Amino acid sequence: MSHAICDAIFGALGAGDIGTHFPPGEPRWRNASSLHFLKEARAVANERGWQIANVDSTVILAAPKLTPYRAAMQQSLAAALGLPPDAVSVKAKTPEGLPFGGDIAMAQAVVLLRRQRDAI
């Protein structure tokens, strides 16, 4: 989910994608925390005069069920993004009815950016 949120931030900025900023072949990113990537994406947005207002994210998977983990995920994502938890939505859907069956995990995210007041 963190990677999808990073891609949404970079996409909204017109700044490429997560692979542009954190190339998978670079040893320094091996085993790096996804929350670290979120903090870095937030910093890029801030450097460009933008502030993350809210995040809406969805994970699509059959198992495990995310309900027991949803609140903790929301808290961790919010902390990494410097947002209150109620500005971060974490939803889970099953792949029921999708053509690729139940053996898949996907994440989607949308972010709302707003100009920082001092950047206007």
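In which helix is the place of S2? S2 lies in helix α1, helices being DSSP runs of H or I with at least four residues and strands being runs of E with at least two, both numbered from the N terminus. The model is a predicted one, in which local features need pLDDT of at least 70 and side-chain atom pairs count only at pLDDT 80 or more, while totals for chains, interfaces and linings use all residues. Residues are numbered from 1 along each chain as its sequence is written, and side-chain values use heavy atoms, with hydrogens and water left out.

**Overall architecture**

- The protein contains four helices and three strands, and from the N terminus on its elements run α-α-α-β-α-β-β.
- The radius of gyration, taken over C-alpha atoms, is 15 Å, close to the 14 Å that the globule rule gives for 120 residues, so the protein is as compact as a globular protein of that length. The globule rule is 2.2 Å times the number of residues to the power 0.38.
- Along the principal axes, the C-alpha atoms fill a box of roughly 45 × 35 × 25 Å.
- Among contacts (heavy atoms within 4.5 Å) with a separation of 6 or more, 77% join residues 24 or more positions apart.

**Surface and burial**

- The accessible surface comes to about 7,200 Å², and 52% of this area belongs to carbon and sulfur atoms; the areas come from the Shrake-Rupley method with a 1.4 Å probe, and for residues only the protein chains shown count as cover.
- Of the 120 residues, 34% count as buried, a term for under 20% relative accessible area, with exposed meaning over 50% and partly exposed in between (1.4 Å probe, protein chains only).

**Nonpolar core**

- A nonpolar core is a set of buried Ala, Val, Leu, Ile, Met, Phe, Trp, Tyr and Cys residues joined through side-chain atoms within 4.5 Å. The largest such core has 29 residues, and those with the most contacts inside it are I5, I9 and L81.
- At least two residues of this core come from each of α1 (2-13), α3 (34-47), β1 (50-61), α4 (70-81), β2 (88-93) and β3 (105-115). Helix α1 supplies the largest share, seven residues.
- Not counting residues up to four places away in sequence, I5 touches L38, V55, S57, L77, L81, A109 and V111.

**Surroundings of S2**

- S2 counts as buried because its relative accessibility is 10%.
- Leaving aside residues up to four places away in sequence, S2 touches S34, L35, L38 and L77.
- S2 and L35 are 33 residues apart in sequence, yet 6.7 Å apart in space, C-alpha to C-alpha.
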